[in-house]
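Hi,

Here is the structure I promised to pass on.

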Amino acid sequence: MKHLLNLTAVLLFCLLPLFFVVPDMAYVTAFLCTVCLCCMDLFLTKRRVILAACLCFLAAALICPDFLYFYPTAGYILLHRNLYAALIPAAALAWMLGFRMELPPVIAWSQICVFFLACILERRTAECEELGQELKRIRDDSKERDLLLTEKNRALLEKQDYEIYTATLKERNRIAREIHDNVGHLLSRSILLMGALKAVSKEETISQPLDSLELTLNSAMDNIRRSVHDLHDEAVNLEEAIQGLLKDFTFCPVTCQCDVSRAVPRDVKYSFISITQEALSNIIRHSNATRASVTLREHPALYQLCIEDNGNRTKAEDAGIGLSNMKERILALNGNIQISSDRGFKIFITVPKEKTA
């Protein structure tokens, strides 16, 4: 846009001689050729074509000296295209023709001023374009750094959340072990002592209190067991459990893609772990696979588990106890399981979320 405005300004300044000369057909022809030259500069990208057009325009002044009035426009185009080598013969030609035409001093000086104005406009425009490009580069670099910082911050937050989550699971496991090893053992000892005391005691007056105390201790023991199991179940990380199974699997290379949240229901969590363990065991016993994959994903409405390999084994309808147990586990969760033996062996499982909430 700036280049178009500069060309328009230079062309308008080139029309200043109209105050001192009467335009004729040659002047109008030169003006139209100048407009065509400006259009070529705006829409063509090849420098050689522009250079040839400018030189032809200046050479046309040998036939029609009125082209000399619009010399600043051609000079501006040569400057804009960085064709500095062509300015020297162009200036010499303009000086020779101007001397030949014996232009009035006012017109000659006005053309010189217009040419210098065109040079200043071109240089200022070039500097503005360079500054604009530098500004865009700096803005792009700043935007890229902002994106990198945002990504790093997000990764740090995710890592921090994961570390907190892992520490929470470890603490739950520790509490479960402490309760099981200390309080659980003390309650078990108390229950055994209570049973022995009831066996040796023959007094009717303390029989009922002993029964009540034994019932209380048994109830406390049941509550402790449930609390320990709940803490242990919540402390199991599905992704870490799957990765642990794959780490011990050395039969063939196996890839894993796991994209699930941490709030996976306990039944789904243990079913997927057991099914993955059974599937890997079946690969070792019944398959000659050279590669396998485990994919675990969470969708808005369901959980998905896919285990597949490229080996040969018995068809799905000849399934044994392992595959039957898989089907029973998934049916208990109101899910769906598909087993395919075409081009390898594949187990595809989906479990709806609303059935597991």
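Before the notes, one convention on handedness: a crossing is called left-handed if the near helix is turned anticlockwise from the far one by less than a right angle, and right-handed if clockwise. Keep in mind too that this is a predicted model.

With that convention, helix 2 and helix 3 make a left-handed crossing. The pair consists of residues 25-43 and residues 47-59, with axes that come within 10 Å and cross at roughly 170°. Angles over 145 degrees count as roughly antiparallel, and helix 2 and helix 3 are therefore roughly antiparallel to each other.

Which residues make the contact between helix 2 and helix 3? From helix 2 it is Ala30, Cys33, Thr34, Leu37, Met40 and Asp41, and from helix 3 it is Val49, Ile50, Ala53, Cys54 and Phe57. By type, the residues of this contact split into nine nonpolar, one polar and one charged.

Stepping back to the whole chain: I count ten helices and five strands. There are 357 residues, and 36% of them count as buried. The accessible surface is about 22400 Å², with 61% of that belonging to carbon and sulfur atoms. As for how the chain is tied together, take the contacts between residues at least 6 apart in sequence: 73% of them join residues at least 24 apart.

Helix 4 (residues 71-80) is worth a click. Nine of its ten residues are buried, so helix 4 is largely enclosed by the rest of the structure. The buried ones are Tyr71, Pro72, Thr73, Ala74, Gly75, Tyr76, Ile77, Leu78 and Leu79.

Ser271 sits in helix 9 (residues 266-286). Is Ser271 buried or exposed? Its relative accessible area is 7%, and the cut-off for buried is under 20%, so Ser271 counts as buried. Leaving aside residues up to four places away in sequence, Ser271 touches Arg329 and Leu333.

Arg343 is another matter. You'll find Arg343 in the loop between strand 4 (336-340) and strand 5 (345-352), and with 82% relative accessibility it counts as exposed. The C-alpha atom of Arg343 is 10.0 Å from that of Glu308, and the two residues are 35 apart along the chain.

Cheers

Definitions and conventions: Residues are numbered from 1 along each chain as its sequence is written. This is a predicted model: local features need pLDDT of at least 70, side-chain atom pairs count only at pLDDT 80 or more; totals for chains, interfaces and linings use all residues. Side-chain values use heavy atoms; hydrogens and water are left out. Axes are lines fitted to C-alpha atoms, for helices over the stretch in contact, and angles run from 0 to 180 degrees between N-to-C directions. Helices (H or I, at least four residues) and strands (E, at least two) are DSSP runs, numbered from the N terminus. Angles under 35 degrees count as roughly parallel, over 145 as roughly antiparallel, 65 to 115 as roughly perpendicular and the rest as oblique. Contact means heavy atoms within 4.5 Å. Ala, Val, Leu, Ile, Met, Phe, Trp, Tyr, Cys and Pro count as nonpolar, Asp, Glu, Lys and Arg as charged, and the others, Gly among them, as polar. Buried means under 20% relative accessible area, exposed over 50%, partly exposed in between (1.4 Å probe, protein chains only). Accessible areas come from the Shrake-Rupley method with a 1.4 Å probe; for residues, only the protein chains shown count as cover.
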